[in-house]
Amino acid sequence: MLITTPITHKHEVHSDLFILSVSWQGELKPGQFFMLHSPSDSHVLPRPISVFDYDIPSKTLSFLITVRGHGTRLITSLNEGDNLTFFGPLGNSFPTDFYGKRILLLGGMEGIAPMLESSKVLKYNNEVTVCGGFKTKSSQAVMNYFNRYEDEIKIYSTIEEEGVLITSIVEPLPPQDVVFICGSENMMKACVKSVSKWATPEIYLSLDSHMACGVGACMGCTVKGVNGVALQPCTNGPVFKSEEIFSC
Amino acid sequence: MLKSIFIDKSLKNPLIAASGSFGFGKNYSDFFSPSLLGGIALKGLTLEPRFGNEGTRLAETPSGMLNSIGLQNPGLEIFEREIQPYLREDLGDTLTIANINGNTIEEYQALAERADEWQNIDMIELNISCPNVKQGGMAFGINSESAARVVRAVKSMIKTKPLIVKLSPNASDIASVAKAVEQEGAQAISLINTLLGMAIDISAKKPILGNVFGGLSGPAVKPIALRMVWQVKKSISIPILAGGGITSANDVIEFIMAGANICSIGTAFFKNPHVIQTILDDLEKFCHNQKINNISELIGVAHHAVL
């Protein structure tokens, strides 16, 4: 169902990073995404955007959007009161059926988005550590959204322009049982390598890919899994076990 | 009012989901029943399973998009075993068109022979216009001689089902290709496939698409598609399945007035998954307001205005 509803809140984290909120009622799971439509008739491709936050009491759904191209530029140029058109939630989700585990959530740039909903669910029964890896100091402000849970989860961030990579967070941590990673391919590869030093953590990756339909029809988002298998992040994912994607 | 005839079949309306935009018919069920469509051209098939092209396959363009999927599909065997038998489930009497592809004439022939047997398939669309594969595809469709050769070869393998040939806008003279294909016994022409294009990521200093080139579709190509339908209509007498950037009832009517019997919708599904219902409602309104009993009365009428 295509939904059109006004933007209730817009937060410009910095000039290329925005949080847009709308009223929405429904069920969703950590790691799912929506297809957001551009307000322009001349822009035809909706953009897949992960759920950042769903506040159940106020029924407020928020998206963290980095400007990557024309579509995300148009969508983030919308203001409070302007209509946003979207559909979802789509895709599978991060698994949340864990008890008494040490769980590490790693997000590179806007890849931090699915980690907020994941934290909210996992923190009740597990020891959760979240780390956001940012290129610049200005985007680090996104981590403030995690601060309301600071008594329940450990929160870290790293800034690349200050010479600190997200993988550095792994070094001092005790061994983790489960790791969620979302970010660029290079970031995810580096993180998988780093966390693999621990015995055998379960590693889950959320993949970003260019999409057109979001429903498994167009085959545009296909990624190659191990053994050359074709995987559709829109419908088989976006969350995959690390060993489905990387052979290392 | 919208009932349409295409070759030997009666369709409830002239809207066909374009091959490649609609999978095997099930993906958009959350938005609308595929039985709403006049017909569906299924995702392009090849003999062997195909992964498709490596790297990024999609790019945003003004009023359009580029794709370089490269015919990712499960191949003949899985299609016959897992897809074909269940195609009709949600379709009612919606027309089904199998879209077949090959690297060689022999591969086209082998698939056509099988497709002729598929009980849930009404027609065969011969794709000699895919711009995203290294062998076959568009290479056959860009000139009349090679197009005629593959159509002749495929036609000899088909006993029962009608053959539609999907033409490439990248041909030097699409009207002559259409004529050549008609002479070889094709029962309908379908056009246009996508136009070859590219885009460059200026920060990364490299082409956006892994395959460098891709097929341009969407509203940006509509005037070109319309012009080609006009030219093809003038050169042949078999029916035309036409599309290229259609997003509205107005667009559908333009194509019909240029000579299309029925129309295909592709890229528009991405912008609006409910587009079929919107177009059908608006077509009904148009026919009602213009006192048109059946939309087929409009086929090719714009030609009468131009001597």
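Biologist: What stands opposite Ser190(B) in E15(B)?

Modeller: Leu241(B) does, in this predicted model. Ser190(B) faces Leu241(B) where strand E10 (residues 188–191) of chain B and strand E15 (residues 240–243) of chain B run parallel. Three bridges join E10 and E15 of chain B.

Biologist: Which helix lies across E10 and E15 of chain B?

Modeller: Helix H6 (residues 222–235) of chain B, running at about 165° to E15(B).

Biologist: And what do the strands of chain B form, a closed barrel or an open sheet?

Modeller: A closed barrel of eight strands, in the order E3-E4-E7-E8-E9-E10-E15-E16, with parallel pairing. From one strand to the next, the twist averages 25°. Helix H4 (residues 144–155) of chain B packs on the sheet and touches strand E8 (123–127) and strand E9 (163–166) of chain B. The direction of H4 makes about 155° with that of E9(B).

Biologist: Switching to the interface. How many residues does the contact take from each chain?

Modeller: Chain A gives 33 residues and chain B gives 30 residues. The area buried between the two chains is about 2,400 Å², and carbon and sulfur atoms give 61% of that.

Biologist: How many salt bridges are there across the interface?

Modeller: Two. One salt bridge joins the side chains of Arg47(A) and Glu60(B), at 3.4 Å, N to O. There are also 17 residue pairs in polar contact between chain A and chain B.

Biologist: Which elements of chain A give two or more residues to the side that touches chain B?

Modeller: Helix H1 (70–76) and strand E12 (223–224) of chain A. By class, that side of chain A has 16 nonpolar, 14 polar and three charged residues.

How values were computed
Residues are numbered from 1 along each chain as its sequence is written. Chains are lettered from A and ligands numbered from 1 in the order in which they are written. This is a predicted model: local features need pLDDT of at least 70, side-chain atom pairs count only at pLDDT 80 or more; totals for chains, interfaces and linings use all residues. Side-chain values use heavy atoms; hydrogens and water are left out. Contact means heavy atoms within 4.5 Å. Buried area is the accessible area (1.4 Å probe) that two parts lose on being put together, summed over both. A salt bridge is a side-chain nitrogen of Lys or Arg within 4 Å of a carboxyl oxygen of Asp or Glu. A polar contact is a pair of N or O atoms within 3.5 Å; within protein, one must be able to donate a hydrogen and the other to accept it, and residues adjacent in sequence count only if both atoms are side-chain atoms. Helices (H or I, at least four residues) and strands (E, at least two) are DSSP runs, numbered from the N terminus. Ala, Val, Leu, Ile, Met, Phe, Trp, Tyr, Cys and Pro count as nonpolar, Asp, Glu, Lys and Arg as charged, and the others, Gly among them, as polar. Two strands pair if DSSP finds at least two bridges between them. Axes are lines fitted to C-alpha atoms, for helices over the stretch in contact, and angles run from 0 to 180 degrees between N-to-C directions.
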